[in-house]
Amino acid sequence: LRQMAVCNGLETLLVHADAAARVMPGVLKVLHEAGVEIRGDARTLELFGDAVPASESDWSEEYLAPIVAVRVVDDLDAAVAHVRRYGSAHTDVIVTESYASSQAWLRRVNSSTVGVNCSTAFADGFRLGLGAEIGISTSKLHAFGPMGLEGLTTQKYVLRGDGQLRE
């Protein structure tokens, strides 16, 4: 496990219902054995006995600690709705084999960095080629006072991968 006290760390894991029984027990076991506390919804608790019940506040928490909230979702619409309701608009990544789902995720998730099949750890100013990261904004308009075109421009970073990780 890499450093957890970072803004691009994994806080919430959403798993599609069709993959939950196949994927979650193994993934959550590895995390749990590494010392990560698993806080889950009712369906997660059914699939992984070492999880503890998640509270409403867990879905929007930035833990900066070895804790992850886990929820089973029925479809992409539910995942996007969860991100829109609870997300920080910082970094959101989908892991999928479906090109259509990946493209829908990139279009519909309005975070500063969205990714497909890669680690959230790539959402970093230095890794994105911006030099040393000196700040983070998840607001849409940060300029103050008179401004030109550059002050009215926002950026959305799109990351595409096929399983890349960052140590």
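## About the model

Residues are numbered from 1 along each chain as its sequence is written. In this predicted model, local features need pLDDT of at least 70 and side-chain atom pairs count only at pLDDT 80 or more, while totals for chains, interfaces and linings use all residues; side-chain values use heavy atoms, leaving out hydrogens and water.

## The whole chain

Let's start with the big picture. The chain has four helices and seven strands, where helices (H or I, at least four residues) and strands (E, at least two) are DSSP runs numbered from the N terminus. Along the sequence they follow the pattern β-α-β-α-β-β-α-β-α-β-β.

Of the 167 residues, 36% are buried (under 20% relative accessible area; exposed means over 50%, partly exposed in between, with a 1.4 Å probe and protein chains only). Take the contacts (heavy atoms within 4.5 Å) between residues at least 6 apart in sequence: 64% of them join residues at least 24 apart.

## A look at helix α3

Which residues of helix α3 (residues 76–86) are buried? They are L76, A79, V80, H82, V83 and Y86. These residues lie on the same side of α3, because they cover an arc of only 155° around the axis, taken from the directions from the helix axis to the C-beta atoms. An α-helix has 3.6 residues a turn, so residues three or four places apart point the same way.

The cover over the buried residues of α3 includes β1 (12–16), β4 (67–73), β5 (91–94) and α4 (99–108). On the face turned away from the buried side sit the exposed residues R84 and R85.
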